[in-house]
Amino acid sequence: MSKQNTNENKSKYGNLGFYLVLALCTAMIGVSCWFAYTQTADNLTIQLDSALESANDLAAAMPETNIPRVEKQPETQTHGSISSGTKETTVSTAAAAAVNTETKTETTAAPRAEKINAAYPIVGEVIGAFSNGDLVKSATTGVWQTHNGVDIAAASGDEVRAISAGEVAAVEEDPLWGVCVTIDHQDGISSRYCNLDAGLSVNTGDKVECGTVIGVIGESADVESALPAHLHFEIKQGNMYLDPVAFIEGN
């Protein structure tokens with residue numbers, strides 16, 4: 001065999017050995033990767049199974065809580081309506097706002113500790129009676145409301161007198177009842193005179209006797225402007241309204 005053929009065979013076998021070694025290394029790398037992957041997958045599976053078992057155990061240990069469902073109630077709104085018992089009258093918002101709010105709880109005739117000597121503040125016909133907490137329709141506003149005093153007919157300029165001795169507790173111009181005078185008497189009793197003229201004869205703090213002139217009839221009570229000239233007159237004991245006619249006549 002020639003020297004040239006010998007060299008060619010050596011080169012051929014050398015290249016073949018290189019490729020065999022390369023193939024063997026590649027196979028070993030693949031086996032290592034597959035082994036590492038299977039080990040990692042097995043570990044992940046074990047960890048996930050353990051976590052799921054813990055979650056199930058925790059859920060089983062927690063007590064059940066039943067929260068009742070509350071149904072939303074429909075909203076209702078009423079506007080411009082004043083009612084008492086079964087009687088209800090719808091009025092305009094403006095008219096309702098113009099009325100002095102008077103509640104039935106304030107208009108109960110309370111017993112008096114002692115009868116005081118009293119006389120009518122003016123002579124005339126009663127054209128508007130005490131309602132004793134019941135609702136009556138206002139001739140001016142058309143609204144059903146309580147009437148906590150009496151209306152006594154008179155002429156503009158007629159003198160108004162104190163019903164009994166006492167002290168003038170307030171002189172005011174009420175936005176609804178006009179020019180008013182309030183007198184404190186004994187036993188927590190007070191009298192109030194409304195719809196007066198601005199030219200009064202008394203001031204706050206003045207002492208008065210039964211029959212003392214406190215002012216004259218005017219036209220200042222807008223809330224009763226539909227009525228003829230009159231005195232709106234109230235009596236209270238504490239926070240309770242009394243019937244002025246029954247009080248003065250001793251009934």
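In which loop is T204 found? T204 sits in the loop between β10 (189-196) and β11 (207-208). The close-ups below start from the whole chain and return to this loop.

This is a predicted model: local features need pLDDT of at least 70, side-chain atom pairs count only at pLDDT 80 or more, and totals for chains, interfaces and linings use all residues. Residues are numbered from 1 along each chain as its sequence is written, and side-chain values use heavy atoms, with hydrogens and water left out.

**Figure 1. Overview of the protein chain.** The secondary structure comprises three helices and 14 strands. Helices (H or I, at least four residues) and strands (E, at least two) are DSSP runs, numbered from the N terminus. Of the 251 residues, 29% are buried. Buried means under 20% relative accessible area, exposed over 50%, and partly exposed in between (1.4 Å probe, protein chains only). The accessible surface comes to about 16,100 Å², and carbon and sulfur atoms account for 55% of this surface. Areas come from the Shrake-Rupley method with a 1.4 Å probe; for residues, only the protein chains shown count as cover. Among contacts (heavy atoms within 4.5 Å) between residues at least 6 apart in sequence, 66% join residues at least 24 apart.

Figure 2. Neighbours within four places in sequence are left aside here. T204 is then in contact with V168, A169, A170 and V171. T204 and E172 are 32 residues apart in sequence, and their C-alpha atoms are 9.4 Å apart in space.

**Figure 3. The salt-bridge network at R192.** A salt bridge is a side-chain nitrogen of Lys or Arg within 4 Å of a carboxyl oxygen of Asp or Glu. The structure holds five. One network of them links E172, D174, R192 and E234. E172 pairs with R192, with the closest N and O atoms 3.5 Å apart. E172 lies in strand β8 (residues 166-174) and R192 in strand β10, so this pair ties together parts 20 residues apart in sequence. E172 is partly exposed, at 33% relative accessible area, whereas R192 is buried, at 15%. D174 also meets R192 in a salt bridge (3.6 Å, N to O). That pair too links strands β8 and β10, across 18 residues. Both D174 and R192 are buried.

**Figure 4. The salt bridge between R161 and E159.** The two side chains meet at 2.9 Å, N to O. R161 is partly exposed, with a relative accessible area of 34%. E159 is partly exposed at 42%.

**Figure 5. Positive phi at D187 and N195.** Neither residue is a glycine. D187 has phi near 60° and lies in the loop between β9 (178-184) and β10. D187 is partly exposed, at 33% relative accessibility. N195 has phi of about 70° and lies in strand β10. N195 is buried, with a relative accessible area of 4%.

**Figure 6. The largest pocket.** A pocket is an open set of points on a 1 Å grid over the protein atoms alone, where a 1.4 Å probe fits, with protein on both sides within 12 Å along at least five of seven lines; lining residues have an atom within 4 Å of a point. The largest pocket has a volume of about 220 Å³, the space filled by probe spheres set on the points. Its lining has 16 residues, and K137, S138, H147, D151 and E224 lie nearest the centre. Strands β3 (126-128), β4 (135-137) and β5 (144-146) each give two or more residues to this lining. The lining divides into seven nonpolar, six polar and three charged residues. Ala, Val, Leu, Ile, Met, Phe, Trp, Tyr, Cys and Pro count as nonpolar, Asp, Glu, Lys and Arg as charged, and the others, Gly among them, as polar.
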